[in-house]
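Trainee: Could we go through this model together? I would like to understand how its parts are arranged.

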Amino acid sequence: MHNLALALHRQGARVTGSDDEIFEPARGRLAAAGLLPAQEGWDAASITPDLDAVIVGMHARPDNPELLRAQELGLKVYSFPEYIYEASRDKQRIVIGGSHGKTSITACILHVLRYHGRQFDYAVGAQLAGFDLMVQLTDAPIIIIEGDEYLSSPVDRRPKFHLYQHHIGVISGISWDHINVFPTEEIYREQFRIFADMTPKAGVLIYDRDDEQVQLVSVPTNPDVTYIGYGPHEHVIRNGKTFLINKKDEEVPIQVFGEHNLRNISAAKEVCKQLGIKGKDFFKAVASFPGAARRLELVKEGATSVVYKDFAHAPSKLKATATALKRQFPQRRLVACLELHTFSSLNPAFLPQYAHCFDAPDVAVVYFNPHVLEHKRLPPLAAATVAEAFQRPDIRVITDSAELAAFLRAQSWHDANLLLMSSGTFDGLDLTALAAEITG
């Protein structure tokens with residue numbers, strides 16, 4: 001939301017906003033632009049009849065006093081995706097959907113387009129290297145949108161990616177998530193079927209042809225739509241480095257690795273092809289693609305060990321990331337640690353989805369903080385319940401960050417790698433210091 005505020009400010013719009021808590025980097029960036037509210041909290045008096053519109057984020061509740069005042073005054077109230085659509089009505093809209101991979105695919109497309117000097121707008125869900133904002137709105141002819149399947153706003157329960165009305169759509173994979181909103185796998189998958197069916201005449205739907213769940217919703221049914229399936233890009237791994245193989249059997253070194261990233265690159269290549277980027281130009285650009293921030297991100301590399309962190313927490317992401325690192329360095333022992341931090345991952349009804357998703361590492365650790373359950377108003381979770389869900393007898397479950405740090409420091413790190421996966425922070429664990437000890 002703060003990125004959208006900054007993007008509108010750059011357009012010359014008069015922007016005001018509010019929140020009950022504002023954290024960095026949003027606080028500093030809003031302050032630098034003169035947009036930081038004088039005080040935190042909600043004040044219905046700040047909603048006045050002269051406002052053109054109000055944009056509400058998912059963080060607000062339906063009884064938010066400012067939202068209620070806007071409704072009372074009859075002001076136009078947009079959700080984030082509604083406003084992005086309104087701002088891009090006259091553009092070609094490319095929407096990247098999927099339970100996993102969408103940020104990386106979007107980031108790769110943006111990197112290639114910028115490398116070749118193309119004009120484009122975008123809305124992405126993570127900070128990307130080389131881009132100062134996560135939203136850009138100009139007079140560019142196209143917009144690349146990361147299409148989140150989560151709900152649009154507290155008063156609009158539609159998934160965000162249903163509102164963008166794509167011309168080119170991507171479904172990178174379907175793996176049940178957001179159990180607090182989509183209580184069954186079937187209801188969750190249905191949201192992607194709706195997205196696929198929204199592809200218009202002369203539109204394009206690009207999908208992972210090997211994902212069974214994706215196949216259920218992407219079966220070509222509309223003769224007026226072009227359906228394009230993709231798989232992992234042809235490649236070779238040599239001495240811990242991955243090379244793409246192009247049509248001339250030439251090797252193109254890349255900075256990312258893992259089958260999931262090779263699929264992401266294939267998806268990005270198909271999108272770029274639709275946008276007029278030829279194969280040779282795509283390869284030229286993708287060689288310098290650093291990957292999306294917080295996705296399999298290198299923390300520190302030593303002579304015989306390397307430390308990576310990853311945003312992964314969903315079962316499919318966990319399995320893909322751990323398997324990728326093990327295959328990239330097959331001769332090294334892999335120690336991997338997952339933090340359970342989201343509503344879904346801490347829900348006993350969802351935990352069985354993790355069965356055998358953490359088999360790739362030589363040492364597997366699951367961490368969660370019982371206080372997070374209290375904060376999210378979830379029932380207590382027993383360590384034994386978590387261990388049983390992963391269906392791995394030697395898995396270690398830890399609920400104290402100091403114990404986790406001690407366990408990791410006690411490991412032998414000669415010819416061994418560490419992978420830390422979380423959408424949180426392992427309760428403030430100093431990853432930089434830990435990585436320096438391990439690789440030093």
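Trainee: Is the crossing of α5 and α8 left-handed or right-handed?

Mentor: The crossing of α5 and α8 is right-handed, where right-handed means that the near helix is turned clockwise from the far one by less than a right angle, and left-handed means anticlockwise. Please keep in mind that this is a predicted model, in which local features need pLDDT of at least 70, side-chain atom pairs count only at pLDDT 80 or more, and totals for chains, interfaces and linings use all residues. Residues are numbered from 1 along each chain as its sequence is written, and side-chain values use heavy atoms, with hydrogens and water left out.

Trainee: How is a pair of packed helices described?

Mentor: One gives the angle between the two axes and the distance between the axes. For α5 (residues 102–115) and α8 (residues 259–274), the axes come within 9 Å and cross at roughly 50°. Axes are lines fitted to C-alpha atoms, for helices over the stretch in contact, and angles run from 0 to 180 degrees between N-to-C directions. Helices (H or I, at least four residues) and strands (E, at least two) are DSSP runs, numbered from the N terminus.

Trainee: So what are α5 and α8 to each other?

Mentor: They are therefore oblique; angles under 35 degrees count as roughly parallel, over 145 as roughly antiparallel, 65 to 115 as roughly perpendicular and the rest as oblique.

Trainee: Which residues make the contact?

Mentor: On α5 they are S104, I105, C108, I109 and V112, and on α8 they are N261, N264, A267, A268, V271 and C272. Contact means heavy atoms within 4.5 Å. By class, this contact has eight nonpolar, three polar and no charged residues. Ala, Val, Leu, Ile, Met, Phe, Trp, Tyr, Cys and Pro count as nonpolar, Asp, Glu, Lys and Arg as charged, and the others, Gly among them, as polar.

Trainee: At what angle do α5 and α9 cross?

Mentor: The axes of α5 and α9 (residues 279–286) cross at roughly 105° and come within 9 Å. That makes α5 roughly perpendicular to α9. Here C108, H111, V112 and Y115 of α5 meet F282, K284, A285 and V286 of α9.

Trainee: Turning to the sheets, what is the strand order in the sheet of six strands?

Mentor: The order is β15-β16-β20-β17-β18-β19, in an open sheet with mixed pairing. Two strands pair if DSSP finds at least two bridges between them. β15 (297–301) and β19 (396–398) stand at the edges with a single partner strand each, so one side of each is left without a neighbour in the sheet. From one strand to the next, the twist averages 20°.

Trainee: Which helix packs on the sheet and touches β16, β17 and β20?

Mentor: That is α10 (residues 315–328), whose direction makes about 165° with that of β20. Helix α12 (residues 383–390) lies across β17, β18 and β19, running at about 145° to β19.

Trainee: How many bridges join β18 to β19?

Mentor: Three bridges join these strands, which run parallel. V365 has R396 in β19 as its bridge partner.

Trainee: And what is the order in the sheet of three strands?

Mentor: It is β12-β13-β14, an open sheet with antiparallel pairing. Four bridges join β13 (residues 241–245) to β14, and L244 stands opposite V252 in β14.
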